[in-house]
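Student: I would like to work through this model with you one step at a time, reasoning from strands and helices up to chains. Could we begin once the structure is in view?

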There are 4 protein chains.
Amino acid sequence: MKVDARTLEVQRLGACTVASGISGMSFVEDGDRVALQSDPMQLRRELEGSGEISALEKAGPRARIYFDPPKLKCGIITCGGLCPGINDVIRAIVLSLYHNYGVRSVLGFPCGFEGLTDRYGHTPMKLDPEAVSRINDHGGTILGSSRGRQNVEEMVDTLDRMNIGLLFVIGGDGALRGAQAMAEEIRRRGLKIGVIGIPKTIDNDICFVERSFGYVTAVAEAVKAIDAAHTEAKGARNGISLVKLMGRESGFIAMFASLASSDVNFCLIPEAPFRLEKLLPLLRSRLEKRRHAVIVAAEGAGQDLIGALPERDASGRLRLKDIGVFLRERILEYFTGVGMDATFKYIDPSYTIRSVPANAYDSAFCLILGQNAVHAGMAGRTNMVVGYWMRSFTHVPIPLAVSERRRVDPHGWAWGSLLTSTGQPRDMQ
Amino acid sequence: MKVDARTLEVQRLGACTVASGISGMSFVEDGDRVALQSDPMQLRRELEGSGEISALEKAGPRARIYFDPPKLKCGIITCGGLCPGINDVIRAIVLSLYHNYGVRSVLGFPCGFEGLTDRYGHTPMKLDPEAVSRINDHGGTILGSSRGRQNVEEMVDTLDRMNIGLLFVIGGDGALRGAQAMAEEIRRRGLKIGVIGIPKTIDNDICFVERSFGYVTAVAEAVKAIDAAHTEAKGARNGISLVKLMGRESGFIAMFASLASSDVNFCLIPEAPFRLEKLLPLLRSRLEKRRHAVIVAAEGAGQDLIGALPERDASGRLRLKDIGVFLRERILEYFTGVGMDATFKYIDPSYTIRSVPANAYDSAFCLILGQNAVHAGMAGRTNMVVGYWMRSFTHVPIPLAVSERRRVDPHGWAWGSLLTSTGQPRDMQ
Amino acid sequence: MKVDARTLEVQRLGACTVASGISGMSFVEDGDRVALQSDPMQLRRELEGSGEISALEKAGPRARIYFDPPKLKCGIITCGGLCPGINDVIRAIVLSLYHNYGVRSVLGFPCGFEGLTDRYGHTPMKLDPEAVSRINDHGGTILGSSRGRQNVEEMVDTLDRMNIGLLFVIGGDGALRGAQAMAEEIRRRGLKIGVIGIPKTIDNDICFVERSFGYVTAVAEAVKAIDAAHTEAKGARNGISLVKLMGRESGFIAMFASLASSDVNFCLIPEAPFRLEKLLPLLRSRLEKRRHAVIVAAEGAGQDLIGALPERDASGRLRLKDIGVFLRERILEYFTGVGMDATFKYIDPSYTIRSVPANAYDSAFCLILGQNAVHAGMAGRTNMVVGYWMRSFTHVPIPLAVSERRRVDPHGWAWGSLLTSTGQPRDMQ
Amino acid sequence: MKVDARTLEVQRLGACTVASGISGMSFVEDGDRVALQSDPMQLRRELEGSGEISALEKAGPRARIYFDPPKLKCGIITCGGLCPGINDVIRAIVLSLYHNYGVRSVLGFPCGFEGLTDRYGHTPMKLDPEAVSRINDHGGTILGSSRGRQNVEEMVDTLDRMNIGLLFVIGGDGALRGAQAMAEEIRRRGLKIGVIGIPKTIDNDICFVERSFGYVTAVAEAVKAIDAAHTEAKGARNGISLVKLMGRESGFIAMFASLASSDVNFCLIPEAPFRLEKLLPLLRSRLEKRRHAVIVAAEGAGQDLIGALPERDASGRLRLKDIGVFLRERILEYFTGVGMDATFKYIDPSYTIRSVPANAYDSAFCLILGQNAVHAGMAGRTNMVVGYWMRSFTHVPIPLAVSERRRVDPHGWAWGSLLTSTGQPRDMQ
């Protein structure tokens with residue numbers, strides 16, 4: 001992806017003039033950057049061309065900040081579907097605001113953008129260290145969530161009226177676009193309100209964010225469902241099991257869970273289109289050899305085959321057709337056609353996967369993300385998300401983060417490893 | 001349940017004349033029994049009446065056995081749906097035959113009763129300590145399974161032709177009836193073949209068997225699904241989650257999982273009928289108070305409400321209508337009717353629950369069950385299952401075990417505790 | 001064990017005259033009993049002899065109770081070492097008092113008996129449904145604990161002064177003796193204070209209590225340590241691993257965890273004495289055959305071999321010598337002597353085992369125990385513990401419960417199964 | 001760390017002239033590289049200085065390889081302490097050799113370098129897909145391991161005599177130095193044997209390797225021990241728990257596990273020295289405020305305080321003094337001195353942590369590492385390890401990898417986050 005250097009600049013509310021109050025800390029300098037990529041030849045070309053290396057701003061505490069902590073009032077909202085680790089992020093934000101900066105006023109607005117309007121009768125929840133103690137033991141979000149956007153002007157009115165200086169938005173693609181719209185409306189009005197996003201996408205598909213929180217936990221849960229699928233497949237004559245996993249446009253969870261399991265024979269993702277005329281005979285030959293087969297399909301895989309008119313949901317996301325139901329029909333039809341008895345089991349573990357608490361790895365990751373979101377917000381950054389890239393935590397402007405989706409590279413090392421381990425052919429079209 | 005003493009007698013192939021070869025063991029005496037019940041008043045009444053206390057034969061190794069181990073050939077089959085611990089039982093049977101008795105020939109017949117016929121091209125699998133090493137690390141059954149019965153005469157022909165002296169049938173209600181039919185055909189032909197059942201019913205519904213293997217593991221897995229349901233319900237405004245659990249006629253898993261979880265508000269089981277006119281307003285009032293609700297339903301609950309014509313599957317089991325789908329429709333309809341927005345999530349974790357490996361408790365339980373199945377078979381018992389009752393392992397004649405289903409007593413302590421903890425009213429009709 | 005019928009009678013504070021207020025409940029009758037044993041011959045003998053069958057009183061809600069809920073003030077203490085499920089029991093007691101009876105005043109006294117004195121500056125904690133919400137997600141005890149007894153008169157003074165009507169003591173052998181002493185002092189003074197125990201013994205060694213809470217969870221954790229031990233043993237040439245498990249006088253955890261694991265070669269428990277002259281050559285022969293060995297030892301095993309003078313700790317318990325350290329020395333010495341290189345790994349997982357949260361099984365079990373403790377207390381019972389026996393929850397007088405320890409029967413089915421699966425000889429003396 | 005470009009060159013056995021046989025794969029070009037670092041300013045400086053950017057060779061399959069698969073014989077050894085994922089790596093190597101390249105001869109040499117000598121009577125184990133099926137379900141290593149080196153000439157003699165063309169060494173620092181010595185001896189003799197390392201260091205301390213396999217799993221297990229420690233600490237008046245974790249010279253596990261847990265108050269690592277005069281009063285003040293405290297110490301922390309003469313073990317590693325035992329003494333002494341009762345619990349979970357199976361994340365990681373080790377070996381690389389750096393899998397020359405240890409940067413973002421979350425002061429000296 002070609003990125004213009006200007007699109008990497010993070011928007012600021014103004015100059016940082018207050019001492020941050022974090023004692024004994026190693027501060028990040030304002031000029032600290034992380035290169036967007038690591039290929040020496042491209043780096044050289046870039047430098048010789050524009051004279052610059054495209055790079056993201058580094059995250060971390062700054063010696064001088066924009067807001068005066070005792071006067072600052074902050075808000076947090078959580079939007080969209082559940083994902084492991086949301087409560088960890090909420091907790092990290094609250095604890096960092098309190099203990100690192102001395103901010104004393106933090107509100108949680110219930111049910112996503114709904115909480116920033118008057119329509120649903122939601123009352124903001126006071127968040128302090130006591131209120132967030134142990135919330136990370138549980139999945140989901142203590143604030144509740146909702147899909148879809150509310151009226152941007154109305155939401156900014158609320159922030160303004162309630163005197164919120166800093167809003168943290170934990171949400172996916174749709175919510176981040178909402179946050180961007182708010183940041184733009186805020187700028188238009190000349191308000192001094194920062195909007196910091198923490199990208200929540202279990203699909204791991206945000207641009208320039210190497211890994212989103214909850215993803216590692218989700219993969220681990222997905223592997224449990226694949227284990228069950230494998231056991232079921234082996235337990236029946238010509239048993240076929242299909243596990244549908246998250247991944248509307250990006251097959252990261254399906255791919256990585258298939259790599260982590262040793263039992264997947266076919267992994268279907270949106271990035272690697274397939275035709276039934278290829279898949280079905282391969283499946284038959286697998287059954288003839290081993291008498292059972294396990295298929296993993298990202299929910300966005302094979303949508304072209306189902307061939308339906310696209311509709312969109314409240315978040316503006318495409319309504320997908322159920323690839324699992326589609327494949328079940330086609331597969332059973334095919335095996336009846338060729339005169340083979342087959343048993344088909346369809347497992348859709350989505351709710352179970354997305355609602356577990358974060359595992360150790362993600363807990364630590366959420367903690368650091370939350371802390372860095374606070375550092376960024378306190379330093380007057382706005383209209384950005386915190387991310388992780390090339391071994392550093394970074395600031396990514398929202399417009400850049402949502403410009404397109406990060407997707408599995410069908411020519412990259414990861415998909416190559418997958419083909420190598422499942423034995424499925426590269427070309428199924 | 002009133003039980004005739006004669007129905008408690010276990011059928012025998014003949015006199016036990018061979019030394020069992022188990023060294024240093026404490027043997028069970030042939031007369032050792034376990035009372036069917038523990039109420040002193042009823043015990044007294046029974047003794048004063050018939051002069052006898054109804055009791056089950058105790059399981060365990062006998063000093064003298066019926067079969068001569070070096071000459072004995074054994075078979076194992078696994079029938080019906082998966083359940084945690086099947087591989088543990090297979091392993092325990094094989095190891096006990098080998099190490100305790102010196103039997104050297106054990107065959108696993110693939111895919112349940114199918115493996116005892118010629119129709120499906122199955123080849124028996126040789127089972128020895130090497131073949132069963134570590135199989136208990138995995139759920140499912142290494143032998144494969146199938147539903148439904150095969151021709152009894154054909155199956156007995158196979159046993160006779162292959163010179164099988166002892167057949168172990170790991171299966172549920174339907175399979176045990178099949179085993180009974182085989183034992184009767186064997187007796188009719190005057191063959192010397194023992195048929196020993198190990199009751200496999202994740203629903204925990206076998207008569208005079210206090211607990212069936214895999215049940216404790218299943219409850220633990222079910223609680224994880226309830227956790228997810230609770231997290232989802234709390235994550236949305238007026239979130240309602242429904243978890244459908246095993247339990248066609250007996251609600252043990254649903255009840256016990258609800259007790260083990262602290263998050264269930266309504267537990268619906270076949271033994272405690274309910275009407276929608278009661279349930280829906282209670283649900284509404286719960287939402288008004290707490291904004292979320294969790295429902296657990298055994299799959300056999302509320303079948304009378306769905307009001308469909310009964311059909312039966314290959315195992316002769318009633319085809320149930322999907323209570324989850326039914327309730328989703330009715331509940332959403334109701335809340336639309338009363339003008340409340342509600343979010344409904346339906347979780348059906350059946351495959352994931354039944355395919356996990358046995359937990360520590362069930363592993364030990366399966367081990368002892370398998371050992372006692374071997375002890376019973378070697379001692380010439382037939383047409384019986386091994387069970388656990390009143391702190392002892394026992395022999396239960398198959399006709400007694402399948403005479404009716406063990407069901408939750410809606411006036412017993414367990415359902416009482418459930419009502420006490422969920423707060424749902426005893427009477428929902 | 002021979003039990004005098006009088007010792008089975010549960011002490012009562014007085015007549016039950018208040019309606020219990022539990023609506024729609026199936027009540028237990030005062031005469032409901034559960035036979036102490038299930039052997040038909042002994043039952044007959046008992047009945048023909050004394051005319052009575054020894055039986056425990058059944059637990060459960062009564063239609064009439066002793067205390068008037070709105071006026072009642074209750075206390076809870078937790079004593080001794082940690083055990084999975086303590087918080088579940090605390091929660092169940094508080095919820096049952098609140099929701100089933102309408103009691104509004106419940107206090108948690110910190111750190112066991114210490115909390116009933118003035119010496120340590122402890123302040124009682126108000127317990128209500130809010131305070132106990134989710135505490136069962138964590139191991140340990142929210143009240144804190146301590147070992148050893150305090151002055152009985154002083155503690156009864158506190159109860160009297162604070163107007164406590166009902167005290168729940170969650171504790172082991174030592175604490176129950178303390179509770180008994182308090183109940184006797186209370187009777188002496190003619191006070192109307194009930195003392196109800198919930199037996200907490202991870203060793204599972206309370207008389208006439210089939211299973212104590214936390215035990216099933218502890219076994220599952222113990223198996224994980226055995227897995228690690230097995231992996232370590234296999235990872236080295238002539239690797240020997242030893243896992244020391246709880247069990248001062250009773251080897252239930254060691255035995256059951258060994259049954260649940262498939263990897264234990266020698267299980268050492270206090271009930272089955274052994275000599276090194278037997279064990280060491282068996283160990284050598286195991287190594288020669290398989291190159292690795294796993295030993296599980298209950299902490300009380302082999303104390304006679306270490307031969308030390310007995311000391312007692314604050315709870316009055318024998319200070320045990322470390323069997324693991326002892327065996328390590330002797331085993332390494334022996335293998336050096338016979339010229340074999342051996343690697344020894346010693347794992348002591350006690351803290352990790354006892355501090356985990358209760359698993360699903362134990363959670364449900366703790367819930368029902370706690371509810372029944374409340375039912376018993378409200379019905380005016382005192383100086384008793386709640387237990388589980390022969391498929392029923394029961395009341396056991398404390399003097400009976402602590403009269404001796406329940407121990408593994410070296411001639412019973414469980415130890416027989418263990419010998420059968422490990423292959424270790426019955427006689428190691 | 002300043003790295004000379006020449007030290008980044010990977011040694012090669014010769015020209016690659018055989019078609020790799022991997023069909024439909026995206027191959028890596030020989031010139032593909034990954035920059036060592038990502039700071040744009042330093043990258044610019046480097047380019048302007050030497051005209052080159054320091055970079056590692058990328059891992060992955062090559063279109064042309066060095067060995068002719070049908071003629072190639074490979075060996076695998078596993079050295080040093082256990083670590084989650086070793087069996088995953090073994091399995092990945094075997095499967096990749098078989099399925100991707102068609103190599104049919106792979107041997108596992110038992111017990112590390114011992115297996116390459118005649119002294120211990122080890123027999124190599126034939127490894128094929130059947131032999132490695134499901135080995136990844138278990139921790140440890142199916143090959144066994146040992147510490148310390150054997151005679152290099154003797155080991156190379158064995159490889160030469162047995163006609164091994166490619167040796168995979170799964171091991172830590174010490175083993176990699178051994179592998180380097182072998183590669184140098186092989187070069188000296190002009191043999192055509194490749195030596196490829198897969199760095200196994202649960203401490204995560206290999207240079208230019210962002211993360212070593214098993215580390216994420218180890219952190220998750222470590223958090224469980226910290227949970228137990230926290231529960232124990234809260235369960236007693238003035239309870240202090242200390243968990244000792246891996247980390248001889250690098251505190252990554254201790255730091256990351258402390259970040260992942262929310263319960264650690266003091267994290268002690270070798271990179272951040274401390275004095276007791278600072279720690280003890282902080283601990284006291286923590287107890288006075290909260291009545292419990294949790295300390296995590298890497299095993300290499302505070303060695304200067306214990307002040308002992310350094311000894312080395314068979315692997316040439318420093319024999320550490322036990323920081324846990326040392327702190328227990330000093331802490332109890334201190335609290336006795338200031339007249340405060342404190343309870344101290346010491347948990348050393350090392351064996352349990354290192355012997356668990358890899359979790360999902362590490363399983364996938366091990367798989368890809370193993371595949372890339374095979375790709376590297378087949379492409380004639382030698383004297384190198386596979387690693388992961390800046391989002392790519394890479395080749396790292398062994399001399400570079402062992403040149404020094406990767407350590408926690410006390411001024412980096414990770415330690416900064418840790419200080420921020422535990423609240424411990426940066427300066428404890």
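Tutor: Before we start, a definition: two strands pair if DSSP finds at least two bridges between them. Please keep in mind that this is a predicted model.

Student: With that cut-off, which strand of chain C runs parallel to β18(C), and which residue of β18(C) is the bridge partner of C:Gly197?

Tutor: Strand β10 (residues 194-199) of chain C is joined to β18(C) by 2 bridges, and the two strands run parallel. For C:Gly197, the bridge partner within β18(C) is C:Val385.

Student: How many bridges link β18(C) with strand β19 (residues 392-397) of chain C, and in which sense do they pair?

Tutor: These two strands form a hairpin with 2 residues between them, where C:Met390 takes a positive phi near 50°. One of the bridges brings C:Tyr388 together with its partner C:Phe393 in β19(C). Overall, β18(C) and β19(C) pair over 6 bridges, and the sense is antiparallel.

Student: Is strand β18 (residues 384-389) of chain C largely enclosed or open, and why?

Tutor: In a regular strand the side chains alternate between the two faces of the sheet. In β18(C), C:Met384, C:Val386 and C:Tyr388 lie on one side, while C:Val385, C:Gly387 and C:Trp389 lie on the other, and all of them are buried. Because 6 of the 6 residues are buried, the rest of the structure leaves this strand largely enclosed.

Student: Turning to helices, what is the angle between helix α4 (residues 152-162) and helix α5 (residues 173-189) of chain C, and how do the residues of their contact divide by class?

Tutor: The two helices pack with their axes 9 Å apart at an angle of about 65°, and their crossing is right-handed. From α4(C), C:Val152, C:Glu153, C:Met155 and C:Val156 meet C:Ala181, C:Met182, C:Glu185, C:Ile186 and C:Arg189 of α5(C). By class, the residues of this contact divide into 6 nonpolar, no polar and 3 charged.

Student: Which helix gives the most to the side of chain C that touches chain B?

Tutor: The contact between these chains involves 49 residues of chain C and 49 residues of chain B. Several elements of chain C each supply at least two residues to it, including α2 (86-101), α6 (215-234) and β19. By class, this side of chain C has 24 nonpolar, 19 polar and 6 charged residues. The element that gives the most, with 7 residues, is α12(C).

Student: Where in chain C is C:Asn238 found, and is C:Asn238 buried, partly exposed or exposed?

Tutor: C:Asn238 has a positive phi of about 50° although it is not a glycine, and it is found in the loop between α6 and β11 (239-245) of chain C. A residue needs 20 or more other C-beta atoms within 10 Å to be buried, and 12 or fewer to be exposed. Because C:Asn238 has 18 such atoms within 10 Å, this residue is partly exposed.

Student: Finally, what kind of axis relates chain D to chain A, and which residue of chain D comes closest to the rotation axis?

Tutor: Chain D is superposed on chain A by a rotation of 180° with 0.0 Å of shift along its axis, at an RMSD of 0.0 Å. The two copies are thus related as by a two-fold rotation axis. Moreover, 100% of the contact residues of chain D recur in chain A, and the same surface serves both copies. Of the residues of chain D, the one that comes closest to the rotation axis, at 2.4 Å (C-alpha), is D:Met390.

Key: Residues are numbered from 1 along each chain as its sequence is written. Chains are lettered from A and ligands numbered from 1 in the order in which they are written. This is a predicted model: local features need pLDDT of at least 70, side-chain atom pairs count only at pLDDT 80 or more; totals for chains, interfaces and linings use all residues. Copies are superposed by least squares on the C-alpha atoms of residues with pLDDT of at least 70 in both. Two residues are in contact if their C-beta atoms, placed from the backbone, lie within 7 Å. Helices (H or I, at least four residues) and strands (E, at least two) are DSSP runs, numbered from the N terminus. Axes are lines fitted to C-alpha atoms, for helices over the stretch in contact, and angles run from 0 to 180 degrees between N-to-C directions. A crossing is left-handed if the near helix is turned anticlockwise from the far one by less than a right angle, and right-handed if clockwise. Ala, Val, Leu, Ile, Met, Phe, Trp, Tyr, Cys and Pro count as nonpolar, Asp, Glu, Lys and Arg as charged, and the others, Gly among them, as polar.
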